[in-house]
Amino acid sequence: MTDASSLPFAAEALSVNREVRARVQRLVAEADRLRVAVRREPSGVTIVDAGIEAPGSLEAGRLIGEICMGGLGEVQLAAQGFGDATAGWPSWLEVRSSQPVLACLASQYAGWSLSASKEEAGGKKFFSLGSGPARALAGKEELFKELGYRDPITDAERSGVLVLEVDRVPPPVVIDKVLRDCALAPEQLTLVLTPTRSLAGTTQVVARVLEVALHKAHELHFALEHIVDGVASAPLPAPGADGLDAMGRTNDAILY
């Protein structure tokens, strides 16, 4: 286990939910251009459909990848632009962060398990792994104890965004849990929904290529304080025909 006091971000008041706000506002404001659908639930929660009924787009997925990283990373799309390794494949993603531990493990990592039984969900059970800045408000995972991080956002600024790889809107019982655990009012929460089989979903999953490297380093007990910057790239495949096919394509891209 790493000593939290020695982590590169431990002495800084970086809030992933504050840093990401401009990107979330852009996703909502440019919904038509990005081909996503935004709606406000009766409760006040904002739902962004980036691939369920709305078609979504590669640019939406790129932006959602940056949202997942808490605004502390950049995701770029290029056509055979990253050197000889890209030869033979038309499109690639490159991910960069000068705060890779915080961006990838404290925000982007899909580590918050959210589920509802068939009875709770109204006929079909629900399961998803939550990703993004709101994880650092809830702090429900053991990982946050190891990192020694909890989002320091003030009550006056409080807001949160969570990204879910799902093909339907979470049932109220799950949304209520997120609100409760994050100590958010409904109007302070934004949920971004990205099925893996969608354009945006495929893109934001492949944008986890740096996070996968950070997660592996953590699993191998590498001292995280020695990771001070990060860059990674991966080929961007076309979306799969269904969720399983899409998962295989994105996993293969990241492994490559």
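Predicted model: local features only at pLDDT ≥ 70, side-chain atom pairs only at ≥ 80, totals over all residues.
In strand E2, the side chains of Thr46 and Val48 point one way, while those of Ile47 and Asp49 point the other way. All four of these residues are buried.

Strand E2 covers residues 46-49 and pairs with E1 in the antiparallel sense over four bridges. Two of the residue pairs can be followed by name. Ile47 in E2 is the bridge partner of Arg39, and Val48 in E2 is the bridge partner of Val38. E1 and E2 form a hairpin with five residues between them. Within the turn, Gly44 has a positive phi of about 115°.

E2 also pairs with strand E8, residues 189-193, but here the sense is parallel, again over four bridges. In this pairing, Asp49 stands opposite Leu193 in E8. In general, strands of a sheet pair through backbone hydrogen bonds, either parallel or antiparallel.

These pairings belong to an open sheet of four strands, in the order E1-E2-E8-E7, with mixed pairing. Strand E1 (37-40) and strand E7 (160-164) stand at the edges; each has a single partner strand, so one side of each is left without a neighbour in the sheet. From one strand to the next, the twist averages 20°.

The model contains another open sheet, with three strands in the order E3-E4-E9 and antiparallel pairing. Its edge strands are strand E3 (74-78) and E9, each of which pairs on one side only. Neighbouring strands of this sheet are turned by 20° against each other on average, direction ignored. E3 and E4 pair in the antiparallel sense over five bridges, and Val75 stands opposite Val95 in E4.

Is Ser107 buried or exposed? Its relative accessibility is 0%, and because burial requires a value under 20%, Ser107 counts as buried. The side chain of Ser107 reaches the backbone oxygen of Cys68 at 2.7 Å. Leaving aside residues up to four places away in sequence, Ser107 touches Val16, Ile67, Cys68, Met69, Gly70, Leu102, Ser131, Gly132, Pro133 and Arg135.

In general, side chains of opposite charge can pair when their charged atoms come close. The structure holds 15 salt bridges. In one of them, Arg135 is joined to Glu141, with the closest N and O atoms 2.7 Å apart. Both Arg135 and Glu141 are buried.

Glu94 forms a salt bridge with Arg96, and the closest N and O atoms are 2.6 Å apart. Glu94 counts as buried at 10% relative accessibility, whereas Arg96 is partly exposed, with a relative accessible area of 40%. The side chains of Glu30 and Arg33 also meet in a salt bridge, at 2.6 Å from N to O. Glu30 is partly exposed, with a relative accessible area of 27%, and Arg33 is exposed, with a relative accessible area of 51%. Glu30 and Arg33 take part in a network of salt bridges that also links Arg23, Arg26, Glu59, Arg62 and Glu66.

Definitions and conventions
Residues numbered from 1 in each chain as written. Heavy atoms only, no water. Buried < 20%, exposed > 50% of the residue type's maximum accessible area, 1.4 Å probe, protein only. Polar contact = N/O pair within 3.5 Å; in protein donor to acceptor, adjacent residues only side chain to side chain. Contact = heavy atoms within 4.5 Å. Salt bridge = Lys/Arg side-chain N within 4 Å of Asp/Glu carboxyl O. Pairing = 2+ DSSP bridges. Helix = DSSP H or I, 4+ residues; strand = E, 2+ residues; numbered from the N terminus. Axes fitted to C-alpha atoms, helices over the stretch in contact; angles between N-to-C directions.
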